[in-house]
Amino acid sequence: MKRHDVVVVGAGLAGQRAALAAAEKGRDVAIVSKLHPLRSHSGAAQGGINAALGKEDSAETHIYDTVKGSDYLGDQDAIEFFCQEAGPTVVEMEHFGTIFSRADDGSLARRPFGGAGFPRTIYAADRTGLALLQALWEHLETQSFTLYEEWDLTNLIVRDGRVQGIVAFDRRRGDFEELAAKSVVIATGPFGRVYARTTNAHSCTGDGVAAAYAVGAYLKDMEFVQFHPTALLESGILITEGARGEGGILKNGQEERFMTRYAPHVQELASRDVVSRAIATEVMEGRGFPGKYVHLELMHLGRELIESRLQEICDFCRSFAGIDPVNEPIPVMPAQHYMMGGVGTNLRGETNIPGLFAAGEAACVSIHGANRLGGNSLLETLVFGKQAGLAAAEFAEYAPAAVLHESDLEAETSTIRAMSNRTEGEDPQRLRSELQALMEGLVGIFRKPAELTQALSQVRALKERFSAVRVVDASKVYNINLTDALETGHLLTLAEVIVVSALARTESRGAHYRVDFPQRDDKNWMRHTLAQRTPSGPTLSYSSVAFTRWEPKERVY
Amino acid sequence: MATATITAEMDVFRFDPTSESKPRYQRYSLELPPHAPVLTALLKIREETDPTLTLRYSCRSAICGSCAMLINARSRLACQTPVGPEMERHGRIVIEPMGNQPVLRDLVVETEPFWRQYHRVEPYLKPDPLRPMPVGKETPMTPTEVKRFQETPRCIACGACYSACPAVTADPEFPGPMALAKLYRYVVDPRDGAHQDRLLRIQTSGLWLCLRCHLCTEACPKDVRPSERIRDLKELAIAAQGVTEPGSRHAVAFKDNIAEKGVLNEFKLARQSLGPSQLLGQLSQGVKIRRRKPELMKKPKPIDGHAEVVKLYELLDSDEEGTP
């Protein structure tokens, strides 16, 4: 059995930043990741990272924009801390070696983004996540830590009221192993793969979130699912908000710039929930192009700007859609993009389970509330990754050694090993596809109670079938049929929580839109959803939203 | 949208070293639209026919670098290579694991050699203690400094260049294109304080082993152009440290040699590159060449239009554009 002070699960920006903070405190740190750290989904973030560095801008306006963007569900104390940390965080990443785009005077370039009062999104062309990921990983490698590369988290071990370690699956050797840990940080990112059309990578299956839920952690605000307005029609590949920030416009099938009707002041740069609903409405009401989509036009920006500041998406359009955005419009439709919900934490990344921490998209602090602003997620990974790492390091300093029993490994993996021993059973990939299709159809941008109820019974039926899932691949080496099964199990667990939370919230707020309750209801619903596991399914409770200075107002863009 | 489909004939490399004695190729025929990427085809095989087909993949949008493999013998990203043109050109699609790395299973290779070379170039900032970064502010940079390296983060470390590189095949100690392109990124970073040390060390540990075949640049899915970055490193090394290594001596000698007559004087080149003592070691080789190809030992005459060559050299020497 291997033993560490702090085990960080997930090696994207949040996990790496947590590991860096804990390693700098002198703890023995291990990172467990199913992908090489440089392949993490953080690297796919395109548009930028927010920090009010402009002379005319201030942390104060960044706070206000974030509170408003969250549809007043974000905790204002957390948002204040978050925005005040933005400047120092971006500067620190520059000092670590990030290659940001620069203005002519050599200062960090900034672009406008949706829902923001000033151009405050710092960027590296349209590969900001990749530039940050490289710089942080290369900086982290100057520290001492252990990397378990291509290991999948299967279980958290909680006993005597605290975390004792994890069980993980080593893809290359095909073995399960226990890692004893005084504290564990969950930084496994999102679970967008519960949907069929998503900008998320195939690896975004919420392994850590599901594992935390399984041992009793609260999952917070899981009904809030962000649909990004502009994803390539067929593949769902993301076209950055930066494209609209640089001046891109949206047109419906009648060549009308329809956003002027939905957001008269800022048009395409309204917040994402607003723009996605507008696009979906246009298409639903028959004003889309045949084939049901709208156009994102960049042609008027000129070749030079497009090919320099939007270089990656230019390549994406050419490679994946056969379209040259310099000369023709891009057919787009919204696609699942971001999970506002996740493992509930406070400002320090602490969950309700001692020794268990979470950060990044896997966590819900909450700073995004009901709707995240573009440019705030990269910042969140770094600000709260660091906080979770510091808190986990501190916990490990005072916690007694973790205790694992020899029987743990056997007990924790018996269900998984049973999957491989069946001679007949369900195909994990088929179950996953069925789940993705039903979530896409029934739990999308516009939510109807009858459809949510139907979704719940279908998800539960799939969960039932999953108990007979079969892994046909018998090899010990790199068995991705087995990891398919593990991931499908996580997705089913999390989908159930999303649907139950969405059914209960009888109002419309941010990204959660109920056609039967189209208004925001501050009297009854200004509160966070907390879902906790019971043998019969999630049970819900609610917690209050932290207010400091900003009274709820109607949101107009 | 209805799209016409084609039949993709896929011959996929299969091998599980723990249970099979040798690799085999398995044929799969699939109906797909011509613009569907090879990755989509492979995932369709996994979903519909054979869930044991093993590969790495994640983002499906050419940004995570997981799915590099050989597609009709070329190192490519599966997610970025459409099936249609492959079928048109080759009549079938042969899928094999990347080169220069041992196979773990099917299309999954052991990436340890690749990452070892990456670590060898010490890919992290080594700030200059004499020039501390400004407190609470970004490091100032001029547009020229920014221009030199702002494209370098495009590298997604997919390993396609490493897979395609014949110098890696010939000499496993050659760092490979990705690692050298990464080194370039640090050597032109104004925040790094170890430029000289980095250049000095790479000169004696593999820089000059590059064969200048440009296969890495051809393979790179993100237009990083590793061979051009290697060329930049060589120029920076010569500019900073002079012509000190056999590799740099050879490069400079090659250039001067051709300038003289407009054609290569091979005998003289050996002398220029190697210097007297090393030349002595090549004596037996020289005797062999003299016997088989005596014309190589003769002094060449200036070619017609030698004056044009001289002009070209002058032009190239006056052009500062190409220098990084």
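## A buried tyrosine between two helices

At 2% relative accessibility, A:Tyr478 counts as buried (under 20% relative accessible area, with exposed over 50% and partly exposed in between, using a 1.4 Å probe and protein chains only). A:Tyr478 sits in the loop between helix 14 and helix 15 of chain A, where helices are DSSP runs of H or I with at least four residues, strands are E runs of at least two, and both are numbered from the N terminus. Its phi is near 45 degrees, a positive value in a residue other than glycine.

This is a predicted model, so to speak of local features takes pLDDT of at least 70, and side-chain atom pairs count only at pLDDT 80 or more, while totals for chains, interfaces and linings use all residues. Residues are numbered from 1 along each chain as its sequence is written, chains are lettered from A and ligands numbered from 1 in the order written, and side-chain values use heavy atoms, with hydrogens and water left out.

## Helices 14 and 15

On either side of that loop, helix 14 (residues 449–466) and helix 15 (residues 480–504) of chain A pack at about 155 degrees, their axes 9 Å apart. Axes here are lines fitted to C-alpha atoms, for helices over the stretch in contact, with angles from 0 to 180 degrees between N-to-C directions. That makes helix 14 of chain A roughly antiparallel to helix 15 of chain A (over 145 degrees; under 35 is roughly parallel, 65 to 115 roughly perpendicular and the rest oblique).

As for who touches whom (heavy atoms within 4.5 Å), helix 14 of chain A brings residues including A:Leu452, A:Leu456, A:Val459 and A:Phe466, and helix 15 of chain A brings, among them, A:Leu492, A:Glu496 and A:Val499. By class, the contact has 14 nonpolar, four polar and three charged residues; Ala, Val, Leu, Ile, Met, Phe, Trp, Tyr, Cys and Pro count as nonpolar, Asp, Glu, Lys and Arg as charged, and the others, Gly among them, as polar.

You'll find A:Asp71 in the loop between helix 2 (59–69) and helix 3 (76–96) of chain A, buried at 7% relative accessible area.

Then there's a cis peptide bond joining A:Val365 and A:Ser366, with omega about 10 degrees. A:Ser366 belongs to the loop between strand 17 (363–364) and helix 11 (376–398) of chain A.

## An arginine in chain B

Over in chain B, B:Arg14 is in strand 1 (residues 6–14) and is buried, at 3% relative accessible area. Not counting residues up to four places away in sequence, B:Arg14 touches residues including B:Glu20, B:Tyr28 and B:Leu53.
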